[in-house]
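Please examine the sequence and the three-dimensional structure shown below.

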Amino acid sequence: MYFFLKNLCFVDLSYTSVTIPKALETTLQGSGVISYFECVTQLYMFFTLATTECFLLTAMAYDRCMAIYRPLLYGAVMSQRLCCALVVLAWVGGALYAAFLALNTFSLPFCGPNVVEHFFCDIPPLMRLSCADFHSS
């Protein structure tokens, strides 16, 4: 359980590393503009961490479920190797999902000024900058 908590703590601390530096720069310099490369990087990293957190919480739920419902088998089933595999799977799954999301978001055609007027690059402001009609009829 503590192994999963250490990884979850690292993910939660990393969230601030993704958004706070740009927020501080915006506050100190006064410009709320984010470049294209910064936007891609920030979006990818944020969704990697968010998805990894969801997968880690799922692995933690499985760990606790095994401890409660199968206490005699818990030591045999939840080995250190399985715990490591679940954490690696969470990180790989988070990175793949974020890559899929970022590729789909930035494959949209953008026209006009490609400037996001925020310190945080999120999908709705990017959709507003897109020339494509993404609404379903």
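**The interior and the overall form**

The largest nonpolar core has 15 residues, and those with the most contacts inside it are F4, V11, Y15, L49, L56 and M78. A nonpolar core is here a set of buried Ala, Val, Leu, Ile, Met, Phe, Trp, Tyr and Cys residues joined through side-chain atoms within 4.5 Å. Buried means under 20% relative accessible area, exposed means over 50%, and partly exposed lies in between (1.4 Å probe, protein chains only). Two or more residues of this core come from each of α1 (2–29), α2 (36–69) and α4 (80–106). The element that gives the most is α2, with 6 residues. Apart from this core lies another, of 13 residues, among them C39, F47, V116 and L129. In soluble globular proteins, nonpolar side chains tend to be buried together.

The model is predicted: local features need pLDDT of at least 70, side-chain atom pairs count only at pLDDT 80 or more, and totals for chains, interfaces and linings use all residues. Residues are numbered from 1 along each chain as its sequence is written, and side-chain values use heavy atoms, with hydrogens and water left out.

Y15 is found in helix α1, and it counts as buried because its relative accessibility is 17%. Not counting residues up to four places away in sequence, Y15 touches F46, L49, A50 and E53; contact means heavy atoms within 4.5 Å. The C-alpha atoms of Y15 and M45 are separated by 8.5 Å, although the two residues are 30 residues apart along the chain.

T19 also belongs to helix α1. With a relative accessibility of 16%, T19 counts as buried. When its neighbours within four places in sequence are left aside, T19 is in contact with Q42, F46, F119 and F120.

What does T26 contact, leaving aside its neighbours within four places in sequence? T26 is in contact with S31, G32 and F119. This residue lies in helix α1 and counts as buried, at 17% relative accessibility. T26 and D122 are 96 residues apart in sequence, and 16 Å separates them in space, C-alpha to C-alpha.

The view can now widen to the whole chain. There are 5 helices and 0 strands, where helices (H or I, at least four residues) and strands (E, at least two) are DSSP runs, numbered from the N terminus. From the N terminus on, the elements run α-α-α-α-α. The radius of gyration of the chain is 19 Å, well over the 14 Å that the globule rule gives for 137 residues, so the chain is more spread out than a compact globule. This radius is taken over C-alpha atoms, and the globule rule is 2.2 Å times the number of residues to the power 0.38. The C-alpha atoms fill a box of roughly 65 × 45 × 20 Å, taken along the principal axes.

Buried residues make up 34% of the 137 residues in the chain. Among contacts between residues at least 6 apart in sequence, 70% join residues at least 24 apart. The accessible surface of the chain comes to about 8600 Å², of which 70% belongs to carbon and sulfur atoms; such areas come from the Shrake-Rupley method with a 1.4 Å probe, and for residues only the protein chains shown count as cover.
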